[in-house]
Amino acid sequence: MNTAETKIKKESINAVHELDSLFKPKSIAIIGASSKELSIGNVIIKNLVHYGYTGKIYPINPKEPEIRGIKAYTSIFDVPDNIDLAHVIIPNKFVPQIIEDCGKKGIKSVIINSAGFSEMGEEGIALQKAFLAKAKEYGVRIFGPNCQGIINTDPAFKAYCDFTFTFPEPGAISIAALSGGVGAFIMQSLFDLEIGMRMYASNGNACDISISDVLKYYGEDEGTKAIILYTEGFKNPREFMETAKSVSRKKPILAMKSGRTEAGAKAAASHTGSLAGVDIATELIFEKTGVLAFNNEEEMCQAAMAFATQPIPKGNRVGIITNTGGPAVIATDELVSAGLVLPPLSERAVTILKETQLPEATIGNPIDVVATGGGKHFRSALDVLMEEDTIDSIFINFVSAPFTDTDDVARNIVEVNKMKRKPIVCNFMTNMSIDRFKVTAKILKDGGVPCYSFPTTAAKALGALYKYHKVRSRNIGEAKIFADINKSKAAEILNSGFRNKDLGIKKNSTQIPNPESQILNPHFLTSDKVYSLLAAYGIPVADWRLADDVEKTIKAANEIGYPVVIKADAASLVHKSDLGGVAVNLKNSDEVRSVVENMKKKFDAEDLKFFVQKFLPGGRELIAGISAQRDLEPLIMFGIGGIYVEVLKDVVFKIAPVTEVEAEEMLSSIKASKLLDGVRGEKGIHKQSVIEIIQRLSQLVTDFPEIQEMDLNPIMAFEDKAFVVDARIKI
Ligand code: ADP
Ligand code: MG
């Protein structure tokens, strides 16, 4: 046993945790052990033995005296010793009784591999409830059901409590996967990449021990350096957020992300409220809690290789060493798009390199040691970059030139890598069918240098390390609490003034009824309440009046001052301008009169009123909104607004409460963020006003979670201020 292993062993034994009985069992009973080769009850025993499980195995089978040469017991009560963990692989209907037995025997954790529970309808749900009640009564923790199990590669345990077929070497990456299929192939990928693995957990129905529990456990496990997570939505998003937030501060969590742009697009295509909550929320949860989201599984596993071996960079400044031109160009593109920069070398560095490199070498960043460069040239370049204060990480492009001693190059890279001063990734380009280069690759691999066979893959991995640096050092601060708001006034408004949805809906209305919202009988606030509510929370609105006939409308327009905008106002009119319900830039009372008379003819809604508003031309049209989520804080949206919101689909979301830093990030993360600064002589907008609107919205919805949906579209943003000119609120 090497010193690292001894250290792991010591830590493993010292740690005391509720889930130790699951991950560090000293004895395991297999309830439903079978002598049939092709059965789970047999494979699990086979795997435990094959992997070298260090504890005791107790097969439980009423008929067989022994299974795979191990003494079997009729029941767990016949086992003379304590049992830490039990596998349950029996038909579903016997499970509640068995859990009770486990409880009586003092077993702390049970992995239920059997299926036939909540995934199987009524009867299954009832059985799951029944065994959970027993588990609670006896304090037994349940992993699963309908799951694979766990693996702990720690040499002190070697617990392969799973029926899969990949036998990983001990390593530093732990996997938590809801889906066994995904978990298994990720484990296999790490195995193929020869990364090694620390722990594995795939919990299927996750009726008791959750992904969050596993994450917390990995967070506290000294041997786990990085975590790979695969989940399909969250049973308890709030619990997950809390856990992920604290664990991600300590160690990187890598996870797959779900189609952000699609969901974002879907969201914008309708309005803030109808966005597909779960899909988009998953990614927002990752972002808010510092989980590193990946576009595909391969990229994630490749990045894991860098996390397993390398320190986290202290910044975004990378130095490149290459012995061939083109791949360094490709790598540079990828590195730059990941937010890294290539600073120039110091005078000191240039002087040393001029003395140590070949005359044909290019001294700069990248340092091109050229294809004839050997071990000492790579070494001097590495040493120089390690000493540069302006360099945080090193990217190596290494092609196995047949006329150089590639092993010597590899050994030099390894020696520097072992110092672990700055992260190194290596794009090693070679022909692995040539024995000589296989040896070189092995030197690099054994020396803990993460090697990739494409410059982009290597660059992405380094990009991920940098992203984690940002996660760890990001401080979004606390959400601001505005004191100048009138909460009681807002409460009063929200408790009254609902717009009856059925009122005034025309038979041939273009509004598509939403079946769900009809069930929930939503209430839309009337316009006057909407604008009063915004005002109560200090959100600036364009000067407005609401009138119900021609004369009152003209009077209102005179008071506001021309030019004005008139909007037909009725419950049935959602997208007013589509229906000809918005008339802008009216310059006098005659124009107002003719517009109002026309609208009266066009819209025969009983509740038709006329919303008169100051005309505010020339602003940038933005959108902000709110969408309530089940089991999660509401989402706040921001983007490019106006009537083109559906076309542009340039919106971003965050989970409330949104801090000032996050609101700023929202402005800078839309695709058209440059528009906000002004382009081609156009003036930029007053960003601070919009940032404040977003924060006030966040406070409003945090104070009043009964707000289901809210769209401020558009917010007219000008050089010095911003006003809401159209808003809709659903309670
Ligand atoms: P809807 O979204 O129901 O169609 P809006 O009130 O958002 O109706 O108006 C549609 C468009 O009319 C806005 O996107 C904006 O271009 C313009 N508009 C509306 N109100 C004003 C205003 N007060 N000043 C300037 N332009 C306005
Ligand atoms: Mg609008």
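1. Buried means under 20% relative accessible area, exposed over 50%, and partly exposed in between, with a 1.4 Å probe and protein chains only. At 19% relative accessibility, Asp726 counts as buried. So does Asn713, at 16%.

2. Basis of the note. This is a predicted model, where local features need pLDDT of at least 70 and side-chain atom pairs count only at pLDDT 80 or more, while totals for chains, interfaces and linings use all residues. Side-chain values use heavy atoms, without hydrogens and water.

3. Metal site. Asn713 (O) and Asp726 (OD) coordinate the magnesium ion (ligand 2) at 2.2 Å. Asn713 lies in strand 29 (residues 709-717), and Asp726 in the loop between strand 30 (722-724) and strand 31 (727-730), so the pair ties together parts 13 residues apart in sequence. Donors are N, O and S atoms within 2.8 Å of the metal (3.2 Å for Na, K and Ca); water is not among the atoms, so sites may look incomplete.

4. Largest nonpolar core. A nonpolar core is a set of buried Ala, Val, Leu, Ile, Met, Phe, Trp, Tyr and Cys residues joined through side-chain atoms within 4.5 Å. The largest has 56 residues; among those touching the most other members are Phe23, Phe143 and Phe240. Domain 1 (12-257) and domain 3 (480-542 + 616-731) both contribute residues, so this core lies between them. The domain bounds come from an automatic or database domain assignment.

5. Second core. A separate core of 50 residues includes Leu494, Leu534, Leu697 and Leu700.

Methods:
Residues are numbered from 1 along each chain as its sequence is written. Chains are lettered from A and ligands numbered from 1 in the order in which they are written. Helices (H or I, at least four residues) and strands (E, at least two) are DSSP runs, numbered from the N terminus.
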